[in-house]
Amino acid sequence: MPNPNRGACGFQSSEFEQEYDRPSKSELKRQMTVLQKLGEELVNEARDRVKRVPLPEDVRDAILACQLIKDHEGRRRQLQFVGKKMRTLDEAELAAVQRTIDSWKGLSKADTAAMHAMERRREKLLTDDKALTVLLSENPELDVQQLRTLIRNARKEQAENKPPKAYREIFQILKQVAKKTAGGKGGDDEDGETDDDAAERDDE
């Protein structure tokens with residue numbers, strides 16, 4: 001016997017209405033990854049610099065505390081806590097933090113925009129299979145099998161919280177594509193170093 005409290009379709013029309021207003025799980029994970037990385041960047045900076053970043057006191061204290069932890073597991077847990085704290089910042093606060101970090105790197109607005117565009121494209125490759133098709137149509141010389149393997153490995157790295165080796169390799173490929181598109185002008189200099197370059201050097 002039909003439930004008199006429900007419509008003919010078996011559920012009230014507004015029952016799942018709120019679900020569609022929420023970000024997808026993949027989008028939420030992407031946002032969390034970006035903020036986690038931003039927090040790690042601050043942890044790796046000099047303490048005097050961190051103290052000058054426009055941050056709420058509790059967020060700054062979490063970062064400074066993480067810098068003092070030498071134990072690997074303890075530091076990993078504190079880094080996760082820093083990421084959680086970073087997610088409490090609003091858009092204006094995050095923009096101020098990013099501007100400060102960019103100023104440390106001496107990046108121009110054009111350099112910063114180009115780097116962020118590559119980072120967004122990398123995230124798109126990991127969350128949307130169509131993004132690879134678009135990339136290959138624009139750059140048919142790329143090795144499709146290599147890219148598919150790197151994307152699969154990068155997804156696995158994120159899922160298992162492993163070092164982002166494939167994730168960084170994808171960025172390097174996108175950087176080469178950007179240089180080719182720019183014709184060697186306006187992109188990263190041969191001596192320019194991105195976050196991924198520095199992190200890769202530190203891992204060696």
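Helix 6 and helix 7 cross with left-handed geometry. The model is predicted.

**The helix 6 and helix 7 pair**

Two packed helices are described by the angle between their axes and the distance between the axes. Here the angle is about 125 degrees, and the axes lie 5 Å apart. Angles of 65 to 115 degrees count as roughly perpendicular and those over 145 as roughly antiparallel; helix 6 and helix 7 are therefore oblique to each other.

Which residues of each helix make the contact? The table lists them by helix.

| Helix | Residues in the contact |
|---|---|
| helix 6 | R121, K124, L125 and T127 |
| helix 7 | D129, A131, L132, V134, L135 and E138 |

By class, this contact of helix 6 with helix 7 has 5 nonpolar, 4 charged and 1 polar residues.

**Helix 6 itself**

Helix 6 covers residues 109-127. Its 19 residues, at 1.5 Å a residue, should span 27 Å.

Several residues of helix 6 are buried: T112, M115, H116, M118, E119, R122, E123, L125 and L126. L125 is one of these buried residues, and L125 also takes part in the contact with helix 7.

**E40 in helix 1**

E40 sits in helix 1, which runs over residues 25-43. Is E40 buried, exposed or partly exposed? Its relative accessible area is 32%, so E40 is partly exposed. Buried would require under 20%, and exposed over 50%.

E40 and V82 are 42 residues apart along the chain. Their C-alpha atoms are separated by 7.8 Å.

Note on methods:
Residues are numbered from 1 along each chain as its sequence is written. This is a predicted model: local features need pLDDT of at least 70, side-chain atom pairs count only at pLDDT 80 or more; totals for chains, interfaces and linings use all residues. Side-chain values use heavy atoms; hydrogens and water are left out. Helices (H or I, at least four residues) and strands (E, at least two) are DSSP runs, numbered from the N terminus. Buried means under 20% relative accessible area, exposed over 50%, partly exposed in between (1.4 Å probe, protein chains only). The expected span of a helix is 1.5 Å times one less than its number of residues. Axes are lines fitted to C-alpha atoms, for helices over the stretch in contact, and angles run from 0 to 180 degrees between N-to-C directions. Angles under 35 degrees count as roughly parallel, over 145 as roughly antiparallel, 65 to 115 as roughly perpendicular and the rest as oblique. A crossing is left-handed if the near helix is turned anticlockwise from the far one by less than a right angle, and right-handed if clockwise. Contact means heavy atoms within 4.5 Å. Ala, Val, Leu, Ile, Met, Phe, Trp, Tyr, Cys and Pro count as nonpolar, Asp, Glu, Lys and Arg as charged, and the others, Gly among them, as polar.
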